[in-house]
Amino acid sequence: MEFDDVILGRRSIRGYKPDPVPPDLIKEILGLAMRAPSSMNTQPWNFYVITGAPLDRIRQGNTERNLAGVPHSREFRIGQAFAGVHRERQIGVAKQLFSAMGIARDDKQQRQDWVLRGFRQFDAPVCVIITYDRELASSDDTAFDCGAVATALVNAAWSRGLGAVINSQGIMQSPVVREHAGIADDQVIMKSIALGWPDHSFPANAVISERKSVDEATTFVGFASGA
C-alpha cells in the first residue's frame, strides 16, 4: 500500500476471523513498528505476543473478574474521567459503534456484552501486550515512545492486510495478563493490541471515527498570512 492509503484507510477492527496469523508475519510487522522514534533512542518497548490457550485463559480471567466486580488493576495511569469536548468525542464514537451493531440505548445486556468483547480482546486470534522497562516508569518520554510504537504497529499491520485495535480493557485485570503471558516483574504493562484478519461482515468494522479538522487542531506561528 501507499503511505496515504494506509493512514487514510486504517480503522480500528473489533471483529476478526478465527484464522491464525503466521508468526513470521507478526515479526515483520513488529520490525516495521520498531522503526518508530524514541527519546534518545531508548527504545523502551517490549512485546508479549499471545495466542491459543494462554490467550483464552486471559480472556476467561478478565471476563470472570469483571463480572465479579473486581476493581481494575491497570498498571499504566488511567487518569480522570473524560469531560467536556473529550467526553463528547468518546460518546460520539460509542454512538457510531452501537448504531452499527444495532445496540439500543436501553439494552443493558447487549451493552454489557459489547464491553465484555473488549475484555476478551475482541475475540482476535492474537493479542500484543506492550510493556516498558520499569526502571523508566517515572519518565513521561517512555509513555510517549510506547504510543509511537503502538501507532506504527497498527499501521504496519494494516499495510499487510491485518486489522488491529488498541485497547485498555484487555489489561484492566493486570494480574491475569501477567500470569498467563508470563510477563516479567521488571516490566510495566501499558497497552494491549488485538490483532488478526478483519471480518468484513462485522458491522462495527465499517465505522470510521470522526476527526477534528487541521484548522481546529493547529496554530501556525510566524507564517505569512493565508498559510
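**Stop 1: a pocket**

Select Met 1, Glu 2, Phe 3, Val 6, Ile 7, Leu 32, Thr 151, Ala 152, Asn 155, Ala 156, Ser 159 and Arg 160, which line the second largest pocket. A pocket here is an open set of points on a 1 Å grid over the protein atoms alone, where a 1.4 Å probe fits, with protein on both sides within 12 Å along at least five of seven lines; lining residues have an atom within 4 Å of a point. The volume of the second largest pocket is about 220 Å³, taken as the space filled by probe spheres set on points joined across faces, edges and corners.

Helix 1 (3-9) and helix 6 (140-159) are the elements giving two or more residues to this lining, and helix 6 gives the most, with five residues. Helices are DSSP runs of H or I with at least four residues, and strands are runs of E with at least two, numbered from the N terminus. By type, the lining has seven nonpolar, three polar and two charged residues. Ala, Val, Leu, Ile, Met, Phe, Trp, Tyr, Cys and Pro count as nonpolar, Asp, Glu, Lys and Arg as charged, and the others, Gly among them, as polar.

The model is predicted: local features need pLDDT of at least 70, side-chain atom pairs count only at pLDDT 80 or more, and totals for chains, interfaces and linings use all residues. Residues are numbered from 1 along each chain as its sequence is written, and side-chain values use heavy atoms, with hydrogens and water left out.

**Stop 2: the largest nonpolar core**

Next select Phe 47, Leu 153, Ile 193 and Leu 195; of the 27 residues in the largest nonpolar core, these touch the most other members. A nonpolar core is a set of buried (under 20% relative accessible area, 1.4 Å probe, protein chains only) Ala, Val, Leu, Ile, Met, Phe, Trp, Tyr and Cys residues joined through side-chain atoms within 4.5 Å. Helix 6 gives the most to this core, with seven residues.

**Stop 3: aromatic pairs**

How many aromatic pairs does the structure hold? There are three, a pair being rings of Phe, Tyr and Trp (its six-membered ring) with centres within 6.5 Å; planes under 30 degrees apart are stacked, over 60 edge-to-face, and the rest tilted. Select Phe 76 and Tyr 132: this pair is edge-to-face, 6.4 Å centre to centre, with 85° between the planes. Tyr 132 is buried, at 6% relative accessibility.

Methods
Buried means under 20% relative accessible area, exposed over 50%, partly exposed in between (1.4 Å probe, protein chains only).
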